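Student: I would like to learn how to read the features of a model such as this one. Where do we begin?

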Protein chains: 2
Amino acid sequence: MSENSLSPRAVVLLSGGLDSATVLAIAKSEGFNCYCLSFDYGQRHQTELRFAEGVATDLGAVEHRVLRLDIGQFGGSALTDRAIDVPTDGEEGGSGDIPVTYVPARNTVFLAHALAWAEVLAASHIYLGVNAVDYSGYPDCRPEYIAAFETMANLATRSGVNDQRISIATPLIDLTKAEIIQRGRALGVDYARTASCYQLDESGQACGVCDSCRIRRLGFEQAGVPDPTSYRLS
Amino acid sequence: MSENSLSPRAVVLLSGGLDSATVLAIAKSEGFNCYCLSFDYGQRHQTELRFAEGVATDLGAVEHRVLRLDIGQFGGSALTDRAIDVPTDGEEGGSGDIPVTYVPARNTVFLAHALAWAEVLAASHIYLGVNAVDYSGYPDCRPEYIAAFETMANLATRSGVNDQRISIATPLIDLTKAEIIQRGRALGVDYARTASCYQLDESGQACGVCDSCRIRRLGFEQAGVPDPTSYRLS
């Protein structure tokens, strides 16, 4: 989609999942020209990048870029290290411990790249779909982390120097999955075009049993919205 | 070099330049097992990565990794965008403006990756050769930026959650180039094995006229130390 030159710009981190699709719809509804950024970081479910591309087109992004990242080589997460199994035995993070699906410093690495692009674009906002409710075990999904990143970002950049602030917008941070789904539906998000599964197959079908699928299914149930997802196991 | 299991670990950002070589020597002298991290980000002077490899070996790093980064595709800097000339007409940053050799959010992107590795290694320190004296025009070389990154890092990670703090060490931040050279010489750094030039040729020879070469030459002169660098133009 072409840019509206009267509107401000935002960089939107887009994974192809339900949350970031909703964030893009919110940023768009708030009047931003949206520049979407996805990462290929050796995640198990690379198919999600095809979902990200589709979502960016559906929701009228000005541009969508995919950056390759090397963080998978550091190991330490079930999402990038095939020696670690993804959990299927309950909602991750529920125990108060940090889940094995946590990728070390992932949001910091993602936001750092978004900041670089935001600076070049002179974008005033970076949108990120973190959520402190369902993913309470991830340290880099907490509001105090986001606030600290924003403070740092405004000291790191030309923008910060020239008194044009950069804001990190996290419109989902306090919402339940059901509330996120209701919000997105109201904005016209087609969730059949998004994927949440940690074990997505190449055709884009979700496993139905990993913790990410469980949270998603429960979200649709609690929202009272039909779940358009195709699951291998029900 | 093999690891001393009684000593703590540090991630050291290593560019192949004079400053980061000195930082590695300092981290080593402070008793750390040093894990060096370099980046291939489309910089003009890729030859510097060969210098980084040599420096890591010379100074006894436990491991040296080179990560590919995509930030060059965002443009906006003379160091990654060949359409922008590197300056040769005076010390950059001297005017108070941000120099064209500034790469958007570079230190944030570098530190974010260092943080990911530090978390997996359970390293307590990240060493970075930023300097607020010669590069005063770079927003991400200021002490207040480093302090903000450290605060954010300790909220971002498992380490931060488990009360094992991560420190960002910037031992050069207040030193002049001459003082850096004197410090490194005392620790046995061989500066002939380092490169600072923005326009390094493939053989590793420095141009002698870019602002980085000017600062380096002046540093040796002011330190009263013979300059071992091979320059194309004197």
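Tutor: With strand pairing. Two strands pair if DSSP finds at least two bridges between them. The model here is predicted. In it, strand S2 (residues 33–40) of chain B and S3(B) are joined by 6 bridges and run parallel.

Student: Which residue of S3(B) is the bridge partner of B:Tyr35?

Tutor: B:Tyr35 has B:Glu63 as its bridge partner there.

Student: How many strands form the sheet, and in what order?

Tutor: The open sheet of chain B has 5 strands, in the order S3-S2-S1-S4-S5, with parallel pairing. S3 and strand S5 (167–169) of chain B are the edge strands, each pairing on one side only. On average, neighbouring strands of this sheet are turned by 25° against each other, direction ignored.

Student: Which strands does helix H1 of chain B touch?

Tutor: Helix H1 (residues 18–29) of chain B packs on the sheet and touches strand S1 (9–13), S2 and strand S4 (125–127) of chain B. The direction of H1 makes about 170° with that of S1(B). Helix H2 (residues 47–58) of chain B also packs on the sheet, touching S2 and S3 of chain B. The direction of H2 makes about 175° with that of S2(B).

Student: How is the contact between the chains described?

Tutor: By counts of residues and by the elements that supply them. Here 34 residues of chain B are in contact with 34 residues of chain A. On the side of chain B that touches chain A, the elements giving two or more residues are strand S3 (63–68), helix H3 (106–121), helix H4 (143–156) and helix H5 (158–161) of chain B. H3(B) provides the largest share, 9 residues. That side of chain B divides into 20 nonpolar, 7 polar and 7 charged residues.

Student: Which residues touch the most other members of the largest nonpolar core?

Tutor: In this core of 138 residues, they are A:Val12, A:Leu24, A:Ile126, B:Val12, B:Leu24 and B:Ile126. The largest share of the core, 10 residues, comes from helix H3 (residues 106–121) of chain A. Leaving aside residues up to four places away in sequence, A:Ile126 touches residues including A:Val11, A:Leu111, A:Leu115 and A:Ile168.

Definitions and conventions: Residues are numbered from 1 along each chain as its sequence is written. Chains are lettered from A and ligands numbered from 1 in the order in which they are written. This is a predicted model: local features need pLDDT of at least 70, side-chain atom pairs count only at pLDDT 80 or more; totals for chains, interfaces and linings use all residues. Two residues are in contact if their C-beta atoms, placed from the backbone, lie within 7 Å. Helices (H or I, at least four residues) and strands (E, at least two) are DSSP runs, numbered from the N terminus. Ala, Val, Leu, Ile, Met, Phe, Trp, Tyr, Cys and Pro count as nonpolar, Asp, Glu, Lys and Arg as charged, and the others, Gly among them, as polar. Axes are lines fitted to C-alpha atoms, for helices over the stretch in contact, and angles run from 0 to 180 degrees between N-to-C directions. A nonpolar core is a set of buried Ala, Val, Leu, Ile, Met, Phe, Trp, Tyr and Cys residues joined through C-beta atoms within 7 Å. A residue is buried if 20 or more other C-beta atoms lie within 10 Å of its own, exposed if 12 or fewer, and partly exposed in between; C-beta atoms are placed from the backbone.
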